[in-house]
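Student: I would like to learn how to read the inside of a protein model. Could we go through one together?

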Amino acid sequence: MTTADDVDTYRRHAAELIRYATVLVGPDDAPDVVADAVLATFSSRGWRDVANRRAYLYRAVLHHSASHHRSSMRRRRREDRAVALVPPPGDPTAPAVDAHRALAELTEQQRAVVYLTYWEDLAPAQIAELLDVADGTVRKQLARARDHLRRILDA
């Protein structure tokens, strides 16, 4: 059962959670992922005992985005098998950097770390606290994401 305190918590953090989810799953699906994560969180037994609710909600959005991504990948594979792929219009040899595609090639955790670092301007220690991981994990994921994006941009 959702309480007035839950509604207040959602109102305080909804906009930042949707921005965060936008980087993880894209602008079309971000509000749905946040809604699913928040509803699941509010109905969980342990929610009342959570000390840092903001961090808990960030982790819930990360986990729901990973689930969403897996589901989308399964759907995409089914669709690809059912329909012949049409080559993109224009010159196929012309290089083009698509930021959304480049970010989509990162893992969910790498996208989360990149977003929180560059868009929310958080330090690795703050990100580690939000995602409930070690500071070294944040630094390692950010380094891997940077390397991956650098390879894409250099190609």
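Student: Which residues of the largest nonpolar core touch the most other members?

Tutor: First, a caution: this is a predicted model, in which local features need pLDDT of at least 70 and side-chain atom pairs count only at pLDDT 80 or more, while totals for chains, interfaces and linings use all residues. Residues are numbered from 1 along each chain as its sequence is written, and side-chain values use heavy atoms, with hydrogens and water left out. In soluble globular proteins, nonpolar side chains tend to be buried together. A nonpolar core is a set of buried Ala, Val, Leu, Ile, Met, Phe, Trp, Tyr and Cys residues joined through side-chain atoms within 4.5 Å, where buried means under 20% relative accessible area and exposed over 50%, with partly exposed in between (1.4 Å probe, protein chains only). Here the largest core has 37 residues, and Leu17, Tyr20, Leu24, Val61, Leu116, Ile127 and Leu131 touch the most other members.

Student: What does Leu17 touch, not counting residues up to four places away in sequence?

Tutor: Contact means heavy atoms within 4.5 Å, and by that rule Leu17 touches Val34, Val38, Leu57, Tyr58 and Val61.

Student: Which residues are buried in α7?

Tutor: Helices (H or I, at least four residues) and strands (E, at least two) are DSSP runs, numbered from the N terminus. In α7, the buried residues are Val138, Gln141, Leu142, Ala145, His148 and Leu149. Seen down the axis of α7, they fall within an arc of 130° (taken from the directions from the helix axis to the C-beta atoms), so they line one face of the helix. These buried residues pack against α4, α5 and α6, whereas Arg151 and Asp154, on the other side of α7, are exposed.
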